[in-house]
Amino acid sequence: MRAEVITIGDELLIGQVVDTNSAWIAERLNEIGIELYQITSVHDDAAHIKDALDEAFSRVNIVLTTGGLGPTKDDITKHVLCAYFDTHLIEDPHVRAHIYDLYKERPDVLNRLTATQWEVPACATILENRVGSAPLMVFHKGDQILVSMPGVPYEMKIGMEEQILPYLQSQITNPQSPILHRTLQVTGVPESKLAIELEDFENAMPSDLHLAYLPKDGIIRLRLSSYGALTEEEMENWFEKLRTLVANYLIADTDDPLEVLVGKILTERHQTIATAESCTGGKLASLLNKHAGSSAFYWGSIISYDNSVKEHVLGVPAEMIKTHGVVSEEVVRRMAESVRETLNTDFSIATSGIAGPSGGSETKPVGTVWIAWATPKGTYAECFHLGKLREQVTDRACQKALVGLLRILKEE
């Protein structure tokens, strides 16, 4: 069974808002055996929305729309759907009661515009949006389904998990084999060289198994995909063959972000980590505390962007900076050891580099980054050259820092 997503809103098409909803929806649909075939973004324009619906229904069984369900004049999705399904709006007492309860402590929100939110298309099946005023609406077009959801990410996600996914599962009368994805993460090898090494493996794969190469910031994700053709046992066999072939480059056999992998290991071992950052400016700290549960292993960070912070907070001698430069093995080692001691953690990571676009030299060009890892068994440091673009350099530095820590954790 296939689905399409139509995201509605001018803000998406002028770059004011980035569509993060569709990727999340795709992942959730795959989990229940529904393949996402296409994602389309359209203006807040009736004709544009109707054309997109017609095209989507010509290809798939299920269409999911997000956006355009607010109470203001620019939100037209509900009215367009009424016209599309040749129906009219009626008041839904359950939605009205929900909205009154939702805003009982905010009476200023209960006005004549909010009142339009409990008007719903007469032919729609209405599902509760527990955290918002716009109800989830389901329409049937013969044996095809349209689901209309708010564009606000947290409303959409809660609505999908609590209402839409169970509803869609109930409508699938002939379940197919599962959609399967398995992912490995490798590093230290160019994508082209890896593809040459895997040629025989790819040539031997069945036609309904696909291998994708997904490189980013020095990490290559290798994803095997089967859309309802292979059993889980068959997929696992191919996955094991691939894992063996890339063993020398392997850093993870799941698609989890590196910071999640680090967090899992540290949490299981009851160990902790801190960071001392210069060129990455807190980006590494942000990754380490991004996910729930990070307080179990992440103690904190010292953002020592200016040399005075390195000297007075981290205790890096001014003479060391003068002799070796702030971007040096000596300085980054001292930063790592100092923050580990100061915050009393098992491990620490320190970064110091030239992110650019200016500030480089002939011996230390833009993109030069030193990273150090202080551990219970000693301190390690390595120099990297990570490109010329500022964001690219800092992103890659964080990746290198986490990859290095993963390797240390596995060795120790």
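## Basis of the model

Residues are numbered from 1 along each chain as its sequence is written, and side-chain values use heavy atoms, with hydrogens and water left out. Because the model is predicted, local features need pLDDT of at least 70 and side-chain atom pairs count only at pLDDT 80 or more, whereas totals for chains, interfaces and linings use all residues.

## Helices H2 and H6

Helix H2 spans residues 21–31 and helix H6 residues 153–171; helices are DSSP runs (H or I, at least four residues) numbered from the N terminus. Their axes come within 11 Å and cross at roughly 25 degrees, axes being lines fitted to C-alpha atoms over the stretch in contact, with angles from 0 to 180 degrees between N-to-C directions. H2 and H6 are therefore roughly parallel to each other (angles under 35 degrees count as roughly parallel, over 145 as roughly antiparallel, 65 to 115 as roughly perpendicular and the rest as oblique). The crossing is right-handed, a term for a near helix turned clockwise from the far one by less than a right angle, left-handed being anticlockwise.

From H2, Asn21, Trp24, Ile25, Arg28 and Leu29 meet Pro153, Met156, Lys157, Met160, Glu161, Leu165 and Leu168 of H6 (contact means heavy atoms within 4.5 Å). This contact has eight nonpolar, one polar and three charged residues; Ala, Val, Leu, Ile, Met, Phe, Trp, Tyr, Cys and Pro count as nonpolar, Asp, Glu, Lys and Arg as charged, and the others, Gly among them, as polar.

## Helices H3 and H4

The axes of H3 (residues 46–57) and H4 (residues 77–84) come within 10 Å, crossing at roughly 55 degrees. That angle makes H3 oblique to H4, and the crossing is right-handed. H3 contributes Ala46, Ile49, Lys50, Leu53, Asp54 and Phe57 to the contact, and H4 contributes Val80, Leu81, Ala83 and Tyr84. By class, eight of these residues are nonpolar, none polar and two charged.

## Helices H10 and H15

H10 (residues 258–269) packs against H15 (residues 390–411) at an angle of about 35 degrees, with the axes 9 Å apart. Here the crossing is left-handed. The contact residues include Leu261, Val262 and Ile265 in H10 and Leu402, Val403 and Leu406 in H15.

## Cavity

One cavity of 30 Å³ or more is found in the whole structure. The largest cavity has a volume of about 40 Å³. On a 1 Å grid over the protein atoms alone, a cavity is a set of points where a 1.4 Å probe fits but cannot get out, and lining residues have an atom within 4 Å of a point. Grid points are joined across faces, edges and corners, and the volume is the space filled by probe spheres set on them.

The lining consists of Leu69, Lys78, Gln117, Ala134, Pro135 and Met137, which divide into four nonpolar, one polar and one charged.

Methods
Helices (H or I, at least four residues) and strands (E, at least two) are DSSP runs, numbered from the N terminus. On a 1 Å grid over the protein atoms alone, a cavity is a set of points where a 1.4 Å probe fits but cannot get out, and a pocket is an open set with protein on both sides within 12 Å along at least five of seven lines; lining residues have an atom within 4 Å of a point.
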